[in-house]
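The entries below follow the order in which I looked things up.

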Amino acid sequence: MSQSYLQQSEAVRARFERLKAREVILEVQGLGKAYAAPQGQVTALKGIDLRIHRREFVCVIGPSGCGKSTLIRILAGLEQASSGEVLLDGQPVTGPGKDRGMVFQGYTLFPWLNVLRNVMFGLETQGASRHEAQAQARQWLDLVGLSAFAHHFPHQLSGGMKQRVAIARALAIQPRILLMDEPFGALDAQTRARMQAHLLEIWKNIDITVLFITHDLDEAIFLADRILVLKAHPGEVQELIEVPVPRPRSAAQVGSPEFQATKARLEALIHPPQAASDAAAPDDVVPHLIRFTHVSDNVE
Ligand SMILES: Nc1ncnc2c1ncn2[C@@H]1O[C@H](COP(=O)(O)OP(=O)(O)OP(=O)(O)O)[C@@H](O)[C@H]1O
């Protein structure tokens, strides 16, 4: 029989025990969010409970519309919950704060500031002197491997480099948790893989807890300690999976039995067998397809 994703080696089990013994940084209790929509109320999130420990790496995955972005926006304090509570270090989150760093998919650097000034920005708004902000920003640029690009402007950088600056900028204010919403979604596969390895290297070297949203199953397994799987309509917790793949992680592990078992479980949760959705669809309804191209313009 093939390996189960629930099976953990002794080392992995011991690591989870150590991880769970650490303090809880982020606690989400009975979180719900309903939006008013023209067709009635939409329940984006319902009864979400989650506890994330210090220096844990949690990925959130789920089908489109399961409330991933809503969740991260509430955690960031950009959106109000309809019910429940979010506690960061035991304190309720009521709005944005410097205890949370954000990195989004779109490149959110200030185009008119060079790389160094982009990283200095948050430090200066927090009251650091120009000199102090510059010294600290240089250290963060060093950490993301971009010291040589301090005086470049965002338009002179590749997509991956821009996201490294965004990570340096988010980390510079020394948040308790880094909230990442599909940060590598716009990158090509090769750059994306490099950024994943790079992010793990950064995470290893500093005291930061990460909550990372992704659509990509491989990315979630490669990065996470635990994966929160949400389901849609309403957005509820389907399962919180402990990733059995040992650390340190490397690309070579993708073929390992524990990686494959975890991927199979995620596939089953996110893309349930066709029969289930077929049963819900009346099979006597033939969709009416409109042909937009010229009839002779065949693609088959
Ligand atoms: N401002 C809004 N007003 C009304 N409905 C909304 C609003 N924002 C989100 N929703 C609805 O809430 C649900 C969850 O949306 P959300 O964007 O959080 O999901 P998601 O998992 O991030 O989706 P995707 O993977 O496609 O980005 C969806 O049904 C969406 O249509």
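Which exposed residues does the face of α8 turned away from its buried side carry? I looked this up in a model that is predicted. The residues there are Glu 267 and Ala 268, both exposed.

**Entry: helix α8**

I then turned to the other side of the helix. Glu 258, Phe 259, Thr 262 and Leu 266 are buried in α8. Looking down the axis of α8, I found its buried residues within an arc of 100°, so they line one face of the helix. I also asked what covers these buried residues of α8. The cover includes one helix, α7 (217-223), and the strands β3 (57-61), β9 (226-231) and β10 (236-242).

**Entry: helix α4**

I repeated the steps on α4. Its buried residues are Ala 133, Ala 137, Trp 140 and Leu 141. They cover an arc of only 100° around the axis, which means that they sit on the same side of α4. On the face turned away from that buried side, α4 carries the exposed residues His 131 and Gln 139. Among the elements that cover the buried residues of α4 are α3 (115-125) and α5 (159-172).

The length check came next. Helix α4 takes in residues 130-143, and its 14 residues should span 20 Å at 1.5 Å a residue. I found its end C-alpha atoms 20 Å apart, which agrees. I also noted what follows the helix: α4 is followed by Gly 145, and the phi of Gly 145 is positive, near 75°.

**Entry: the whole chain**

How many helices and strands does the protein chain have? I noted 9 helices and 10 strands. Along its principal axes, the C-alpha trace spans about 70 × 55 × 45 Å.

Of the 300 residues in the protein chain, 33% are buried. I also looked at contacts with a separation of 6 or more: 69% of them are between residues 24 or more positions apart.

Note on methods
Residues numbered from 1 in each chain as written. Predicted model: local features only at pLDDT ≥ 70, side-chain atom pairs only at ≥ 80, totals over all residues. Helix = DSSP H or I, 4+ residues; strand = E, 2+ residues; numbered from the N terminus. Buried ≥ 20, exposed ≤ 12 C-beta atoms within 10 Å, placed from the backbone. Contact = placed C-beta atoms within 7 Å. Arc of directions from axis to C-beta. Expected span 1.5 Å × (residues − 1).
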